Amino acid sequence: MSDVVSTEIPAEGQPVGRPSAGPSLNMSRYRTPLIVAGLILVACAVLSTDRQAVQSVLLGAGSGALIAALALGVVVSYRGSGVVNIGTGAMAMYSSYVFNTLNTEGSLLLIGWKIHLGAPMAFAPALIVTLAIGALWGAALYLLVFAPLRGASPVAKLVASVGVLLVLQAIVVLTYEATPIAVTAKLVSGSVHLPGDVIVASNQLLLAGVVIIVAIALWAIYRFTRFGLATRAAAEDERHLSLLGHSPTLVSGGNWVFSAMIVSLFAVLTAPINTSIDPSTITLLIVPALAAALLGRFTSFGYAVLAGLGIGMLQSLIQYLSIKPWFPQAGGAPVPGIAQSVPLVIILVALAFQRGGVGSRGSLGSVRLPFAPQPKYVLPKLAGGLVIGIAGFLLLGSQWRLAETNTIVGIAICLSFVILTGYVGQVSLAQMALAGVSGFTLAKLSTGALGLGFPIAPLIGALGAMVVGVLVAVPALRARGVQLAVVTLAGAVAIENLVFTNPVWSGGLQGASVPPPRLFGFKFGPTDPSSLGGGTIPNPWFGIFCVIIVVGIAALACALRSSAWGRRMLAVRANERAAAAAGVSVAQTKVVAFAISAFVAGLAGALSGYRFGGVTPQYFGVFASLTFLAFAYMGGISSVTGAVIGGFLVTNGLAFTALEQWFGLSPDYAVLVGGLGLVVTVITNPDGIAGTWRQIGRKMQQRSQRSESSPPSDGVAGEPGATAVVTAFAKGSR
Amino acid sequence: MSALLEARGVTVSYGGVHANKDVDLVVPEGAFVGLIGANGAGKTTFVDAITGFTQIASGAIIFDGEDISERPPDSRARAGLVRTFQSLELFDDLTVWDNLLVACETSKWWSLPADLVRRRSSAVDERIHWALATVGLEGIGSRRPEDLSHGQRKLVGVARALASRPKLLLLDEPAAGLDATESAELHDVLRGLLDQGISIFLIDHDMGLVLSVCDDIYVLDFGQIVAHGDPARIRRDPAVIAAYLGDSAGSEVAEELA
């Protein structure tokens, strides 16, 4: 397995083996875009005999223009600040709401509040106001979030942008609900007749034209102006830029304003074509946009725009072809999700051809990773957790037991993040998709002809998730950090649309049901009647079952951290070059981390399948992955304690139930809190709440040690500060 | 003495530029071999090529009787060919002790379940104590690299390489960034290693250090070996003086060195 890795193992920020040849020398960077463009051309030539096919391709120009614009936005903010902004689509989505509110209600949408201005605004003034608001958002996001992160690792910046996505989406959902609202604005009407009886709506072509003009304008600005020169210099090394008397803040902030205005413009212009807007559609267009931006190596405007338009057109063509009789069928309908999987395929192809990493650039400051302490007092902690967890299910009322179940399942998912992101430093945005692979496998196995029951079906499910996780790890051996996050995001979208909504494989949009677990006739499903808990649901035995499983997972995570594998993982996280020099197989270590993490996510998926008596594509959707990532980070991404805290924070978990019960806070605010918490955690406290807790514990321990004054002995691995509470607990248990 | 490491015609090219060209070099078992050259002569490229961090365009690398040219860096390290880095490349998140442990422990993925419950062997602990003692850093095992001085961190890098009990230790500019006292300490440490039976290949541009500790010295200039011999011969070699100080610098430096 160790032979999979190539001999070139560049450290973050310093590629070895191949010093960057000048861009003009390096033809290989153009190879992938050319291949893709060539394929599209060939496809067009073949289909040119089919008038409707050509028409469908041109019909994709509108959505392609929005993808292209988002790709431009991604490229601009990346070049300006080194941030691969996952929230670019959410920024566009937010602007489409700002515009529509002005256009239909005459109100100004400011963060979560609407200010009534008067009569509904006409198209042009509404567009100008929207662009102004977009520019403000761009500037504010840079100054508040990404300027403080200037010295952080590319992955930390990307994770913060996930927080931005969640916050913007939560604001819109809280203000407008998640349901689509109609857009009445018109751009231009009429259509264009092309040779060969091809008729296209003029606004589609107009949009494609405008986005190309914007790209050319951007190219000219970056090529010929002082601002562009400064940006290019910043992309090389921000230190040099400040030495030359430019303000990195001004240059990067300016690029963020540009980025926000471009995506806002096209969000407004394309909304009339789609006739409605909702909080998630445009937000998720970030996935094809990232694919397009990646083809241009996050730096080329030309390839980003061409690839963006190409993806939009290809998706439209696939939509048209899906009505053909030869198109693959599932359950009497065309196989869903093929169009949504196009970005994943493009990203994988691009990564296969491109060498070197995205995200390595000279920056100010040093990179600090979240601290992953050696767990101490493991057995007392686990025993305490087991006792408290079981006591909760025996003593709490129905609603609190439901909340505790959510917390317990949430801890399992957070633990899967701890193993992958905390220990080995790889960010996956597909953990819930992996959980879903297990959940849907469980549903499939335990119903129908197979009828496999507990515990075989959930174990096979978790092993299935592990297999998919290892498959994800294979591109991860080439793609590191930011690229890996992009791959997993695209993978999550593809799995959700291709697998989970497939009526034959999974159960369609409604999902599939999971029968309650049975073991030797003992019924412990959440809805099974039981003498415990006063006969109300959920059955406490189910909760106790979940506690046992999750304490087992926590024990696994602690043992892993203390083992040779855990040290190797942290070594890989800290420095891949040095790890390889110390004889560590970087590839093997990553694959093992992916496998364990996916297995844990799979167990969580099976637990949630039992908990709801079924599985749905939405529960395992990409937004769920992002939200759980946020809570895992808030709790503390690199320790088991952090995962436990993260579990308390998850949507409908104990913390939010408490807030709802005691303070009347709607659980709808969970995503907003998660997004904000993620941003604040990444900026101010990478160790999360667990880290803060640890520091308090260390201070208290130091205070008590001052009286005892025992010097630390040599050879004791790990850090001295366990939490005060646990120290006390351990002392008491001796 | 049989050859432990042998480079045969090693060529490394970066986009048409030869960073190393036809380098032939032998490190016999139990020897202390040096490689010197001015900055930019291609020394670190050669170390990268030997240890698998960069691909060679042509040639072969034979280690312990085996052609390792195609093997990845971690596999070469496990075979006993262990390097240090010019820049500090420690695992900042791990304690000094754990930094060394990583280099000591090897296991296969199928032994993962057993590894999760296994306790550390005392043999490994002894080896780490020995490695830390050899570089003169007993008692800092529980500290983290960020709490150490630059010189100490350099020595931890050497100790980490030693902890895996290498057959051949490749030291890439170990003296870079050290002050005079630290450099002298390093000198003693390196001499001591040879007595323990570890073969050493020292790469440095500090001619004084290399001349004083090595038995056999190669001189690299513009990616090619320009001189080879014992310290006395290298001191007098006009090609070496030219490589270091330019053609015109001439004899007075040679006299001074001699």
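A crossing of two helices is called left-handed if the near helix is turned anticlockwise from the far one by less than a right angle, and right-handed if it is turned clockwise. The crossing of helix 4 and helix 6 of chain A is left-handed in this sense, where helices (H or I, at least four residues) and strands (E, at least two) are DSSP runs numbered from the N terminus. The model is a predicted one, in which local features need pLDDT of at least 70 and side-chain atom pairs count only at pLDDT 80 or more, whereas totals for chains, interfaces and linings use all residues. Residues are numbered from 1 along each chain as its sequence is written, while chains are lettered from A and ligands numbered from 1 in the order in which they are written.

Chain A contains 29 helices and 12 strands. Of its 734 residues, 55% count as buried, a residue being buried if 20 or more other C-beta atoms lie within 10 Å of its own, exposed if 12 or fewer do, and partly exposed in between, with C-beta atoms placed from the backbone. Among the contacts in chain A with a separation of 6 or more, 79% are accounted for by residues 24 or more positions apart; two residues are in contact if their C-beta atoms, placed from the backbone, lie within 7 Å.

Helix 4 (residues 88–105) and helix 6 (residues 154–176) of chain A pack at an angle of about 25 degrees, and their axes are 9 Å apart. Axes are lines fitted to C-alpha atoms, for helices over the stretch in contact, and angles run from 0 to 180 degrees between N-to-C directions. Helix 4 and helix 6 of chain A are therefore roughly parallel to each other, since angles under 35 degrees count as roughly parallel, over 145 as roughly antiparallel, 65 to 115 as roughly perpendicular and the rest as oblique. On the side of helix 4 of chain A the contact is made by A:A90, A:M91, A:M93, A:Y94 and A:Y97, and on the side of helix 6 of chain A by A:V164, A:L165, A:L168, A:Q169, A:V172 and A:Y176. By class, this contact has 10 nonpolar, 1 polar and no charged residues, where Ala, Val, Leu, Ile, Met, Phe, Trp, Tyr, Cys and Pro count as nonpolar, Asp, Glu, Lys and Arg as charged, and the others, Gly among them, as polar.

The contact joins A:V287, A:L290, A:A291 and A:L294 of helix 12 to A:V486, A:L489, A:A490 and A:V493 of helix 19, and its residues divide into 8 nonpolar, no polar and no charged.

Several individual residues of chain A were also examined. A:Q315 lies in helix 13 (residues 301–321) of chain A and counts as buried, with 21 C-beta neighbours inside 10 Å. Leaving aside residues up to four places away in sequence, A:Q315 touches A:G60, A:A339 and A:V342. A:T275, in the loop between helix 10 (248–274) and strand 6 (276–277) of chain A, has a positive phi of about 60 degrees although it is not a glycine, and A:T275 is exposed, with 11 other C-beta atoms within 10 Å. The peptide bond from A:F454 to A:P455 is cis, with omega near -5 degrees, and A:P455 is found in the loop between helix 17 (431–446) and helix 18 (456–478) of chain A.

In chain B, 6 strands form an open sheet of mixed pairing in the order 6-7-8-3-9-10, two strands being paired if DSSP finds at least two bridges between them. Strand 6 (81–83) and strand 10 (224–229) of chain B stand at the edges with a single partner strand each, so one side of each is left without a neighbour in the sheet. The twist averages 20 degrees from one strand to the next. Within chain B, strand 7 (residues 168–172) and strand 8 (residues 199–204) pair in the parallel sense over 5 bridges, and B:L168 stands opposite B:S199 in strand 8.
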